[in-house]
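Hi there,

Here is the structure I promised to pass on.

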Amino acid sequence: EVQLVESGGGLVQAGGSLRLSCAVSGLSVADRAIGWFRHAPGKEREGVSCISSSDGVIDDGDSVKGRVTISTNNVKNTVYLQMNSLKPEDTAVYYCAAGIYVDGRCWYEYWGQGTQVTVSS
């Protein structure tokens with residue numbers, strides 16, 4: 001059974017930083033595309049960042065480019081999302097997901113339960 005468990009969300013002031021973690025079991029983060037997407041009320045779901053170590057690819061969303069860093073720890077089988085210079089519009093539930101990297105994008109098969117990130121102005 002594949003499980004993805006996010007942690008690290010919370011309330012932060014604008015300009016601050018957060019690091020989200022996603023502990024993965026049932027598959028290897030070294031072999032799959034692993035990423036984060038977010039969903040805010042009234043908005044479309046949005047890809048934040050995706051990494052495929054086997055393909056040597058990191059793909060960041062336009063709205064967060066330059067402010068996020070995705071990384072993996074293959075020993076802990078965990079993926080991280082470091083977010084800096086946070087803005088109120090970054091407020092959303094952030095989901096960790098796992099899948100494959102095909103045709104220049106990540107396609108997700110498994111999702112976590114999400115962690116809330118709230119950025120106050």
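**What I found**

Ser 28 is partly exposed, with 28% relative accessible area (buried means under 20%, exposed over 50%, and partly exposed in between, with a 1.4 Å probe and protein chains only). Ser 28 sits in the loop between β3 (18-25) and β4; strands here are DSSP runs of E, at least two residues long, and helices are runs of H or I of at least four, numbered from the N terminus. Ser 28 and Asn 77 are 49 residues apart in sequence, while their C-alpha atoms are 6.4 Å apart in space.

Before the rest, some ground rules: this is a predicted model, in which local features need pLDDT of at least 70 and side-chain atom pairs count only at pLDDT 80 or more, while totals for chains, interfaces and linings use all residues. Residues are numbered from 1 along each chain as its sequence is written, and side-chain values use heavy atoms, with hydrogens and water left out.

On to the charged pairs. The whole structure has five salt bridges, each being a side-chain nitrogen of Lys or Arg within 4 Å of a carboxyl oxygen of Asp or Glu. In one of them, Glu 109 meets Arg 32 at 2.7 Å, N to O. That pair links distant parts of the chain, with Glu 109 in strand β10 and Arg 32 in the loop between β3 and β4, 77 residues apart. Glu 109 is partly exposed at 37% relative accessibility, and Arg 32 is partly exposed at 23%.

Arg 67 and Asp 90 form another salt bridge, at 2.8 Å, N to O. This pair also links distant parts of the chain: Arg 67 lies in the loop between β6 and β7 (68-73), and Asp 90 in the loop between β8 (78-83) and β9, 23 residues apart. Arg 67 is buried at 12% relative accessible area, and Asp 90 is buried at 1%.

Finally, Gly 10 is in strand β2 (residues 10-13) and is partly exposed, at 24% relative accessibility.

Best wishes
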